[in-house]
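Subject: Structure for you to look at

Hello,

Here is the structure I said I would pass on. Please open it beside this email; my notes follow below.

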Amino acid sequence: MKQPKYKKKDFAAGTQKSTRVDNKEKEISGPSVHKHPKLLLAGKVLVILAIVIGVVNYTDNKKYFEPYKGFRTQKVMPAFYSLIEKDTIDVCLFGSSHIGEGINAHVLSNCLGCTCFSMHQDGSDLQDVYYSLKDVLTQTKIKVAVFETFTMTNVLEQEQEKSKYSKFKMLSTPIKLEATARMFPIDEYWAAWSNTVRNHSFLFRDTARINQNIHPVEYPKQRFVYLGSEGRQVKSMSDSLIAVYDSLGPIVDGDKIVHDEFDFEYFDKIVKLCEEYDTKVVFLTIPEYYRNIKNYSSWKNVVNEMIGKTNYPWLDLQDKYDTTMFRKELFENNRLINQHIVATGAPLFSSILAAYLKDSLQLDLPDRTKQKRWHDMFYGSEGYYLNYSPRANDTICHTICDSLKIGPVLIQNAFWSKEQNVRGIYVKFDKSSFTKEQARKPIELLMDGEYQGRTVRASFKIMPTDMFPVNNYLYKISVINDFTPKAIIGIKMSSSEAKAAIKN
Amino acid sequence: MLFNTFSFALFLLITYTLYVLVFSKNLKVRNIFLLCASYFFYSCWNFKLLFVIIAVSAVDYLMGQKIQGTKSVPVTTNSNEEGSEPTEAAPYVPAKEAKIYLWIAILVNLGVLAYFKYTNFFLESIWDLLGLFGITSSAYSPLNIILPIGISFYCFQGLSYVIDVYKDKIKACTNPVTFFTFIAFFPQLVAGPIERAGNLLPQFDQPYSFNYEEARKGLFMIGAGLVKKMLIADRIAVYVDGVFGKLGDAGGYPSFLALVLFAFQLYLDFSAYSQIAVGTARMFGFKLSDNFKMPYLSVSFKDFWSRWHITLTNWFRDYLYFTLGGNRKGKSRTYINVLIVFAVSGLWHGASWNFFIWGVLNGIYLAIFDKVFHLNPQKFIAKVGCCLFVFFSWTFSLAFFRGANLHDALQILGNIGFSNIDAIYNFGLNSMELKFAFYLIAGLMLIELLLKNYGEKISNFFFNRFFIIRWAVYIAIPLALIYLGIYGEGNDNTFIYFQF
């Protein structure tokens with residue numbers, strides 16, 4: 001029977017107030033009665049879940065928690081397609097961030113006199129490399145493909161875990177559904193599907209990454225054609241990091257390095273594809289700081305299980321580690337399993353690779369230095385002045401002399417610049433002038449020039465650079481202050497056997 | 001299967017749905033379902049060790065039956081049934097046989113506990129002792145014994161049942177399924193609360209009907225527990241682990257901070273577990289005991305132990321302290337009893353001298369400050385002072401609880417000071433994250449203070465009014481867990497009390 005809300009007597013004096021209080025209390029404390037409580041609870045839970053999943057999905061789609069934001073698809077691939085529209089790529093580099101950071105494609109191009117491109121991707125494995133190679137070969141004809149060996153092994157378990165996530169991300173939704181249970185333990189399902197869940201700790205520990213993801217970097221228009229290589233790492237190893245090596249030792253143990261499941265399959269596919277397109281194959285190992293790795297021979301053996309099956313050349317700079325030349329300043333300031341080369345180190349390794357391709361392998365690469373278009377494309381880029389003379393009308397670099405013979409020494413070219421990036425006096429000696437050993441020692445240079453409006457004669461001690469331009473030995477001094485060089489009038493070697501001090 | 005994992009969420013969803021829609025209609029079927037679910041839950045850690053819990057349950061069940069059989073009153077169904085309560089009668093005197101059965105149960109429960117938990121500790125201690133007399137050998141190596149999760153909890157729960165039957169506080173349970181479910185009930189199986197048979201057993205005989213309010217409040221308790229665990233406790237743990245991992249480099253201030261933070265980590269971690277356990281049980285229609293009542297607002301050590309891990313403290317009080325004579329045998333004997341209880345409680349937590357010292361230290365606090373000085377402040381300022389005194393004394397003792405060994409405990413205590421203040425951000429938490437942890441702790445303490453004074457009102461207003469705020473909280477909890485929680489690769493998210 002339906003009860004009336006208030007009985008008449010409730011409204012009598014003195015009772016009205018208490019009834020209201022009763023009702024209020026009932027409203028506050030009494031359990032609410034629902035017709036379908038189970039449905040109500042399920043409905044509410046579903047609404048909350050839908051909202052939560054919606055929010056997470058939103059941040060996933062916006063890629064706020066991406067560890068990096070599609071670097072290759074955003075930057076490298078468009079640059080590649082733009083380049084091949086008008087030009088030809090002669091040498092293409094494939095691999096992970098090690099080759100992207102360790103080889104400067106401009107320096108390599110300038111040293112080789114042809115066009116090189118770095119088709120790298122952070123965290124690549126051989127599967128990635130194969131599909132990159134396929135993209136490249138089906139679009140353009142390349143003479144040489146250089147493959148970096150870091151992609152050929154799985155360095156540590158944690159790297160395998162990360163690559164597992166990145167591989168999973170590339171799959172289509174139906175395959176993902178099928179593969180989730182196979183690839184991940186149950187507690188990692190969410191992490192596999194959602195970058196937000198996986199990288200939520202960025203909120204406290206990598207806010208810069210989130211900011212960058214929310215406000216993506218507009219890549220500035222490059223002064224020179226973009227060739228895929230990077231120079232993101234700028235801080236080289238500090239003395240305190242060296243002290244860490246003293247106490248903790250190397251971080252990478254070659255004995256623990258193994259192949260990934262699909263490595264052999266994709267290695268064979270890569271080699272076959274290159275042969276099919278008549279592309280020469282070269283393998284390259286970019287070094288890490290020598291104290292970063294122990295038992296490198298074991299790692300080398302693992303890589304050699306693949307490369308050894310072929311007759312293709314392999315430049316292994318880790319094995320041929322030159323402790324005097326590969327100084328700590330060339331490596332980034334961390335003790336990680338995937339330690340990179342810094343931006344100032346990349347030119348050295350690029351020139352070594354160039355020398356290897358040109359001198360040791362004597363590959364038949366096209367000489368584009370005779371093409372004005374090629375010079376226009378590379379003029380002033382990194383490594384250009386080191387291999388070619390500045391133009392007469394160059395406002396940045398000013399020629400001091402060309403083909404000057406002083407005794408037995410032939411100076412191919414000397415120039416100076418006060419501009420920020422190329423500040424200094426550069427002297428390029430012909431390789432026939434002295435031996436490799438001498439090329440690592442300082443030389444005293446006697447010059448005429450102007451200083452504060454007066455003609456003066458000055459002596460500079462110029463130092464060999466880390467660079468190994470293919471055609472010459474390069475010397476440089478950075479500080480020239482107000483001195484404007486006019487002419488080289490003499491040189492003096494520090495080595496007694498190769499002394500050549502001749503004055504006009 | 002931890003409470004703070006996706007697998008538990010899935011397990012809970014499936015189990016609860018089946019429970020509500022299918023298995024709750026018939027009492028027997030419901031209990032069988034709960035038993036199966038509980039055994040499945042436990043076997044996710046180690047299937048083989050499930051047999052230990054089954055064996056212990058079987059012995060306790062049989063001994064309960066046997067003890068009941070020695071009584072003149074015939075065995076009825078379960079306790080607390082109408083008419084089964086003993087009426088006015090002469091004090092119950094157990095038969096001799098009953099004592100034998102009781103001792104069998106005690107020996108089996110404590111024997112199992114001793115074997116799995118204390119064998120290596122015992123052997124190591126003997127070996128160390130022999131070493132003091134110059135007898136050493138390299139032959140000794142610890143035995144490979146896996147500690148079954150939750151063994152200290154379910155053994156104590158089983159033991160309390162047999163003792164209560166022996167003392168005629170309850171009637172023995174006649175239904176093995178009910179009893180086995182009582183021992184293995186999954187919300188409280190691995191880390192308590194340690195339930196008394198008198199409270200929990202009868203609930204298995206009450207039919208379940210879905211209650212929207214209970215389910216909603218249970219879910220909310222789970223959410224709140226997860227916030228405590230994943231947002232605060234696990235975040236603090238990163239810092240505490242960082243300092244304890246590098247004690248040599250920590251210096252004064254980081255060590256002090258780590259110890260204070262550990263006090264909060266321990267409380268939040270364990271109270272979160274208890275809250276999730278109580279919330280889960282509530283959803284299934286069971287009411288478990290509270291384990292914590294804002295212990296860091298205690299003004300005396302007696303007060304503290306009536307608010308901290310209440311079910312264990314009560315267990316020791318009822319079954320050990322009173323058995324030893326309690327405070328009825330003179331002052332000095334009372335102090336000794338207190339020290340014995342706390343020493344045993346320390347060893348219950350972990351098989352090491354660290355825990356023993358931790359227990360004894362807390363026994364001394366209680367004996368000296370409460371029993372001797374009668375710490376009982378009345379004025380507000382005195383209460384605040386006592387509250388801080390109790391907290392920091394407790395924190396001091398936790399050096400032994402957290403230290404991996406005596407050396408670590410003494411080192412962190414020796415480190416304490418205000419040096420190395422610049423290094424506080426070098427132990428796993430950056431400035432932003434450490435501040436965030438502090439704000440959360442402060443916020444939580446404030447909420448606890450408000451709940452202490454206005455708990456009922458706040459709860460009623462929250463659940464029955466403030467629609468928008470309530471829904472904002474409902475949505476904020478899972479989002480906060482996902483975005484701000486500590487979980488995933490490289491994080492240890494186990495509950496501290498799982499190791500006991």
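What covers the buried residues of H6(B)? Please keep in mind that this is a predicted model. The cover includes four helices of chain B: helix H2 (27-43), helix H3 (50-70), helix H5 (151-166) and helix H7 (197-200). Helix H6 itself spans residues 176-184 of chain B, and 7 of its 9 residues are buried, so the rest of the structure largely encloses it. The buried residues are B:Thr178, B:Phe179, B:Phe180, B:Thr181, B:Phe182, B:Ile183 and B:Ala184.

Next, a pair of helices. Helix H8 (residues 212-245) and helix H17 (residues 431-464), both of chain B, pack with their axes 10 Å apart, at an angle of about 160 degrees. Angles over 145 degrees count as roughly antiparallel, and H8(B) and H17(B) are therefore roughly antiparallel to each other. The crossing of H8(B) past H17(B) is left-handed. On the H8(B) side, the residues that meet H17(B) include B:Leu231, B:Ile232 and B:Arg235; among those they meet in H17(B) are B:Leu440, B:Ile441 and B:Leu444. Sorted by class, this contact has 10 nonpolar and 3 charged residues, and no polar ones.

Last, the contact between the chains. Chain B gives 23 residues to it and chain A gives 25. In chain B, helix H1 (6-23), H8, H17 and helix H18 (467-484) each supply at least two residues of the side that touches chain A. The largest share, 7 residues, comes from H18(B). By class, that side of chain B has 14 nonpolar, 6 polar and 3 charged residues.

Regards

Key
Residues are numbered from 1 along each chain as its sequence is written. Chains are lettered from A and ligands numbered from 1 in the order in which they are written. This is a predicted model: local features need pLDDT of at least 70, side-chain atom pairs count only at pLDDT 80 or more; totals for chains, interfaces and linings use all residues. Axes are lines fitted to C-alpha atoms, for helices over the stretch in contact, and angles run from 0 to 180 degrees between N-to-C directions. Angles under 35 degrees count as roughly parallel, over 145 as roughly antiparallel, 65 to 115 as roughly perpendicular and the rest as oblique. A crossing is left-handed if the near helix is turned anticlockwise from the far one by less than a right angle, and right-handed if clockwise. Two residues are in contact if their C-beta atoms, placed from the backbone, lie within 7 Å. Ala, Val, Leu, Ile, Met, Phe, Trp, Tyr, Cys and Pro count as nonpolar, Asp, Glu, Lys and Arg as charged, and the others, Gly among them, as polar. A residue is buried if 20 or more other C-beta atoms lie within 10 Å of its own, exposed if 12 or fewer, and partly exposed in between; C-beta atoms are placed from the backbone.
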